[in-house]
Amino acid sequence: MAILEMKGVSYTYDKKTKILSDVTAELEIGKLYAILGPSGSGKTTLLSLLGGLDVPTRGEVLFDGEDIGKRGLAYHRRNHVALIFQNYNLIDYMTPVENTKLTARQDAAPILERLGLTTAEIKRNILKLSGGQQQRVAIARALASDAAIILADEPTGNLDEDTAAEITTLLKESAHQLQKCVVVVTHSNNVARQADVILKLKHKNIQITEQT
Amino acid sequence: MNFVKRAMLYVTRKRGKSILLLVILLIMSSFVLTGLAIGKASENTQEDLRKALGGEFQVNVSYSEDNPYFKTEPVDDGIIMYSEMPITQKVISSIMNVPGIESNDATSELLLSVDDVDFIPGNIPIENAFKSMANTMIVGNSQNNSYFTSGQIKLIEGKHIGGTDSHVAIISKELAIRNGLSIGNTLTLQSDNSVDVKIIGLFEMKSDDSILAQVTSYDKLKNKIFFDLNTLQQLSPDRTAGFDTVTFKATDPAELERIMEQVKNLSDIDWKAFSLSADNQTYMQAAAPLEKLNGLVVTMLIVTVVVSAIILSLILTMWAKNRIHETGVLLAVGIGKASILGQYFVEVLLIAVLAFGFSFFTSNIIANDVCNGLLQKNTQNTVQNEISSDDNKVTAAVPEGAGGTDALAQTPKAESIHVSVDIDSLIQLCFIGFAVIILSVGISGATIMRLKPREILSKMS
Ligand SMILES: Nc1ncnc2c1ncn2[C@@H]1O[C@H](COP(=O)(O)OP(=O)(O)O)[C@@H](O)[C@H]1O
Ligand SMILES: [Mg+2]
């Protein structure tokens with residue numbers, strides 16, 4: 001049963017430039033999705049439509065069968081989705097614990113420690129953590145929010161190969177063990193290989209490939 | 001995590017910004033609080049002045065040819081001038097009915113002989129005929145009489161002459177002792193008739209006569225005899241008894257013009273016989289620097305508030321631009337715009353509470369100096385005028401007890417007022433401050449709040 005659906009979604013910038021045209025897809029709980037495509041093909045646009053950061057020009061995005069605009073996009077963002085970005089997007093005047101608590105419905109510290117941060121690190125100034133550590137905090141924030149859907153835009157883009165692999169594993173575990181629907185925009189073949197489903201952006205539409 | 005918690009984290013972690021904001025708010029609130037306190041002190045002082053000086057107007061019997069009741073009669077060594085229509089009790093009652101009049105002081109002066117009284121001699125020689133005479137004063141109510149109200153003389157025994165009293169008198173303690181008189185004894189006054197009056201009160205002068213004062217025995221204040229209107233009627237039964245001068249005191253000097261206008265329009269008074277004149281000069285003079293000060297304070301407050309709002313808005317807008325990223329993140333994780341704006345507001349509020357608290361002390365320190373500095377600038381001219389006019393008064397040969405000289409000397413001068421910052425002003429500051437903060441945060445937040453989350457996130461990368 002699909003938790004998130006796109007039905008005939010089109011998106012046009014400034015009423016001229018069409019980015020997406022009539023996209024339909026169903027996303028399920030417990031799966032890791034990878035969105036692939038060249039730069040400027042509309043990956044981030046697609047993700048923001050799923051995350052309720054923007055509205056499609058045409059068509060609809062459904063959560064649990066209901067249009068996400070019905071209860072308001074802010075409600076969708078607060079309750080259904082969690083976002084992870086390439087540049088981590090943490091609040092600089094908050095410690096990892098406080099960043100995680102921002103929208104937490106769960107205890108923050110255990111999640112952070114489970115993701116590999118030490119007791120000292122979780123109370124440190126956020127800017128004194130490495131990229132990998134910061135991205136772990138971002139993942140912790142996503143998990144602590146209890147959102148069923150995690151949307152990540154090139155989360156490993158700024159990380160070295162080993163760290164990227166670790167982060168990818170964490171996202172995969174989130175999907176499989178914590179029963180989240182995880183959607184990752186990526187350029188990395190390593191990430192793509194781990195995904196259950198690949199959504200390839202081509203000619204303003206997507207090509208869906210299930211991997212076994 | 002709610003917006004208050006976020007605001008507290010921001011304020012405590014971004015210490016540089018917090019301290020800068022604290023300093024700015026402290027300066028602004030000190031100015032505002034100082035202004036408020038000065039304004040209040042000045043108003044209090046004006047209020048005191050009003051109470052102390054009052055606004056007064058006088059009704060006088062008109063001694064001009066236009067007055068049809070005005071009469072002149074030749075006597076042995078000159079002429080007597082009088083009006084057949086003095087200010088009667090009826091006229092006074094009619095004026096007292098006009099709202100806003102607190103009290104009146106009705107008087108007439110009359111030089112007459114008193115039987116068997118040895119008066120205290122003056123230092124100007126006089127003819128024998130005058131030695132048994134005194135310049136008496138007929139009063140409606142001695143308690144309201146300017147000699148008593150100015151503090152020049154004080155009733156030390158017995159009671160005052162009131163509205164319904166008949167055949168009563170008040171004399172000085174010294175005159176009583178000199179003649180072995182005391183309360184309950186009678187004096188015999190001589191005019192067309194001779195009338196006995198009972199002594200009901202004794203007064204004492206606040207300060208002794210100046211040695212330099214040139215005065216006849218009958219003009220000496222110590223020889224003055226106050227008595228009632230009924231006695232006057234009996235002394236000269238052929239004439240209508242009434243007063244020469246009645247001074248009416250307004251409850252609020254600011255109302256004086258309105259009251260006088262109404263008095264002038266009273267139809268039952270024949271204004272051909274009387275003249276009407278105002279005397280709120282003293283108040284106006286004393287209050288002028290304060291009124292200027294008030295104007296300055298209002299200007300200072302408006303300028304401070306406007307400048308504060310502008311500076312604060314600019315700074316917050318500048319800072320908000322640097323916080324677009326943070327705002328985008330908060331929006332992206334599902335925190336509402338209201339909560340974000342609330343956070344910005346609470347941040348400034350937290351610092352403002354501190355600043356307002358501190359300003360209570362800083363403005364207490366500076367308020368007095370600022371106020372008296374401003375006031376001095378304003379009073380310089382006025383005070384100089386007052387001093388020179390005071391000099392004139394001293395050198396002019398004013399007969400003793402002419403009334404007014406002392407009253408003028410006692411005029412409270414607004415050269416310095418004491419300013420203290422109180423809780424009321426602090427509460428006012430809070431209202432003004434919060435209004436400015438809401439405005440500034442609103443202006444600075446508007447820039448961000450108009451952005452869509454998607455745009456904010458695209459601006460981030
Ligand atoms: N604010 C914008 N206004 C106009 N065009 C935009 C805007 N943001 C992105 N685009 C265009 O939309 C296309 C898709 O952008 P995006 O979804 O960010 O691509 P991707 O994430 O795949 O690189 C790009 O061609 C980009 O130039
Ligand atoms: Mg992109």
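Reader: Which residues touch the most other members of the largest nonpolar core?

Author: This is a predicted model, where local features need pLDDT of at least 70, side-chain atom pairs count only at pLDDT 80 or more, and totals for chains, interfaces and linings use all residues. Residues are numbered from 1 along each chain as its sequence is written, chains are lettered from A and ligands numbered from 1 in the order written, and side-chain values use heavy atoms, without hydrogens and water. A nonpolar core is a set of buried Ala, Val, Leu, Ile, Met, Phe, Trp, Tyr and Cys residues joined through side-chain atoms within 4.5 Å. In the largest one, of 60 residues, the members touching the most others are B:Leu25, B:Leu293, B:Ile417 and B:Val419.

Reader: Which element gives this core its largest share?

Author: Helices H1 (3-13), H2 (15-53), H9 (281-322), H10 (324-332), H11 (337-395) and H13 (423-449) of chain B each give two or more residues to this core. Helices here are DSSP runs (H or I, at least four residues), as are strands (E, at least two), numbered from the N terminus. The largest share is 13 residues, from H9(B).

Reader: What percentage of the residues in chain B is buried?

Author: Buried means under 20% relative accessible area, exposed over 50%, partly exposed in between (1.4 Å probe, protein chains only). Chain B has 14 helices and 12 strands. Of its 461 residues, the buried share is 46%.

Reader: Is B:Glu326 buried or exposed?

Author: B:Glu326 sits in helix H10 of chain B. Contact means heavy atoms within 4.5 Å. Beyond residues up to four places away in sequence, B:Glu326 touches A:Ile91, A:Tyr93, B:Tyr10 and B:Gln343. Its relative accessible area is 9%, so B:Glu326 is buried.

Reader: And B:Phe361, buried or exposed?

Author: B:Phe361 belongs to helix H11 of chain B. Its C-alpha atom is 8.6 Å from that of B:Ser30, 331 residues apart along the chain. With a relative accessible area of 56%, B:Phe361 is exposed.

Reader: Over in chain A, is A:Gln134 buried or exposed?

Author: A:Gln134 is part of helix H5 (residues 131-144) of chain A. Leaving aside neighbours within four places in sequence, it is in contact with A:Tyr88, A:Leu90, A:Ile126, A:Leu127 and A:Leu129. Its relative accessibility is 12%, so A:Gln134 counts as buried.

Reader: Which element gives the most residues to the shell around ligand 1?

Author: Residues count as near a molecule if one of their heavy atoms lies within 4 Å of it. Those around ligand 1 include A:Tyr13, A:Asp14, A:Pro38, A:Lys43 and A:Thr45. With 3 residues, the element giving the most is helix H1 (residues 43-50) of chain A.

Reader: How far is a polar side-chain atom of A:Thr45 from an oxygen atom of ligand 1?

Author: A polar contact is a pair of N or O atoms within 3.5 Å; within protein, one must be able to donate a hydrogen and the other to accept it, and residues adjacent in sequence count only if both atoms are side-chain atoms. A polar side-chain atom of A:Tyr13 lies 2.9 Å from a nitrogen atom of the ligand. A backbone N or O atom of A:Lys43 is 2.9 Å from an oxygen atom of ligand 1. For A:Thr45 the distance is 2.5 Å.
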